[in-house]
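Here are some friendly notes to read beside the model.

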Amino acid sequence: MLALTSRSWSPYVAGTLIGLLQIPAFLLIETALGASSSYVTVGGWLASLIDPGIFKIDYVARHVAATGKNWWQVALVAGIAIGAFVSMRLSDSRRRPISPIWACALGSPSPGRRYAVAFVAGFLMLFGARLADGCTSGHGLSGTAQLAVGSMVAVAAMFAGGIVTAMLALRRI
Amino acid sequence: MSLVNAIVIGLAMGFVFGFALEKSRVFEPGIIVGQMQLRNFLMLKVFLTAVAAGAVVLAILNGFGFVKLAPKATLYAADLAGGVILGSGIALAGACPGTVLAQIGAGYRDAIVTLIGGLAGAVAYSYAEPALSKSVFGVSSGKLLLNELVGIPYWQGALALAACCVVILVLLERAFPTSREYGSDVDGNLERAERDHQTARVAAAR
């Protein structure tokens, strides 16, 4: 059932494994699991190649600084891609370039349309996550588990925004 | 902690995270869009399980004094508006900021564009941050914790939260059996017969 070569594990096993990652996060890095600040670290560093003045914004300087916490999270999200790649190879379930659900959800099989929507989606996701100061990981997994009121508000808003958008802007998959 | 150690630990933890995300199938656009259209509940199952496990772990670690908690401050306007914008992005991306990387690892090419859009969004926010933090979005109500509002120690509140999650999970599994949520290519793309069955269940649940 939990073979490394199976295509799917029970959501309860996988979810528990993800929750247990809070142990090394708190004990070794003294922080909670999170993902979206790493986009400021990498994005801010990339932007500084074009606009070195961006470091005058304290928010960017803080996130790009060579601290363990900043670059731990960049390594964490890079590790997610590696872990998913290895898991996919072990179960021989490489995904097609675009999920078949998009032709249905967007009402068109055009890859161009999907790429355009994906860019806008990514932009909204990170602009929103940074405004809220956290994403599905930082607010959702970590903030909720720590009983933070703001995180619970953010998670409720996230699902509300997601449900309304999926109902109004996407077709039924 | 040296920078190199932090990066090595991050890579190792991310590897486990990404492996679990891929095996759970929660990174699939079909699963995430299905969740937001309220006909696939796999995302909520993984999410609530991870919250419950995290809460139990932190109840123990914090209860015995091994770690300090690191909750974020409550900024109602920013949490609400940011959450709604983030949620709409999640629905259109079929991913969240962490699972985008799992999608790239598993072979989805549009996820690379989502990632680039995400970096652009983070940079755009960075330029707006000095102005936004002086507006209503910078108004903080401090670090409000549910257990402190109720007046109980953190570990009790965390265990209560975990218990609530477990009850919801049992009910969810009863209403939406996991075996019906994958589809034949484990991507949440359900065939017509399965889909009709699912729709009937949603109607019955209402």
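1. H5(A) and H5(B) cross in a right-handed way; a crossing is right-handed if the near helix is turned clockwise from the far one by less than a right angle, and left-handed if anticlockwise. The partners are helix H5 (residues 68-91) of chain A and helix H5 (residues 99-106) of chain B, whose axes come within 7 Å and cross at roughly 40 degrees. Because of that angle, H5(A) is oblique to H5(B). Angles under 35 degrees count as roughly parallel, over 145 as roughly antiparallel, 65 to 115 as roughly perpendicular, and the rest as oblique.

2. A word on where this comes from: the model is predicted, local features need pLDDT of at least 70, side-chain atom pairs count only at pLDDT 80 or more, and totals for chains, interfaces and linings use all residues. Residues are numbered from 1 along each chain as its sequence is written, chains are lettered from A and ligands numbered from 1 in the order in which they are written, and side-chain values use heavy atoms, with hydrogens and water left out.

3. Which residues of H5(A) and H5(B) make the contact? On the H5(A) side they are A:Val77, A:Ile80, A:Ala81, A:Ala84, A:Phe85 and A:Met88, and on the H5(B) side B:Leu101, B:Ala102, B:Gly105 and B:Ala106 (contact means heavy atoms within 4.5 Å). By class, they are 9 nonpolar, 1 polar and no charged. Ala, Val, Leu, Ile, Met, Phe, Trp, Tyr, Cys and Pro count as nonpolar, Asp, Glu, Lys and Arg as charged, and the others, Gly among them, as polar.

4. Now look at helix H1 (residues 11-20) of chain A and helix H1 (residues 3-24) of chain B, which pack at about 160 degrees with axes 9 Å apart. H1(A) is therefore roughly antiparallel to H1(B). The crossing of these two is left-handed. A:Ala14, A:Leu17 and A:Ile18 meet B:Val16, B:Phe17, B:Ala20, B:Leu21 and B:Ser24. This contact of H1(A) with H1(B) has 7 nonpolar, 1 polar and no charged residues.

5. Not counting residues up to four places away in sequence, A:Ser137 touches A:Leu33, A:Gly34, A:Ala35, A:Ser142 and B:Phe17. A:Ser137 counts as buried because its relative accessibility is 6% (buried means under 20%, exposed over 50%, partly exposed in between, with a 1.4 Å probe and protein chains only).

6. Find B:Thr74 in the loop between helix H3 (42-63) and helix H4 (76-93) of chain B. Is B:Thr74 buried or exposed? At 0% relative accessibility, B:Thr74 is buried. Leaving aside neighbours within four places in sequence, its contacts include A:Val149, A:Gly150, B:Asp79 and B:Val139. A polar atom of the B:Thr74 side chain lies 3.2 Å from the backbone nitrogen of A:Gly150.

7. A:Asp92, in the loop between H5 and helix H6 (101-106) of chain A, has a positive phi near 55 degrees although it is not glycine. A:Leu147, in the loop between helix H8 (136-145) and helix H9 (149-168) of chain A, also is not a glycine and has a positive phi of about 65 degrees. At 71% relative accessibility A:Asp92 is exposed, whereas A:Leu147, at 3%, is buried.

Conventions:
Helix = DSSP H or I, 4+ residues; strand = E, 2+ residues; numbered from the N terminus. Polar contact = N/O pair within 3.5 Å; in protein donor to acceptor, adjacent residues only side chain to side chain. Axes fitted to C-alpha atoms, helices over the stretch in contact; angles between N-to-C directions.
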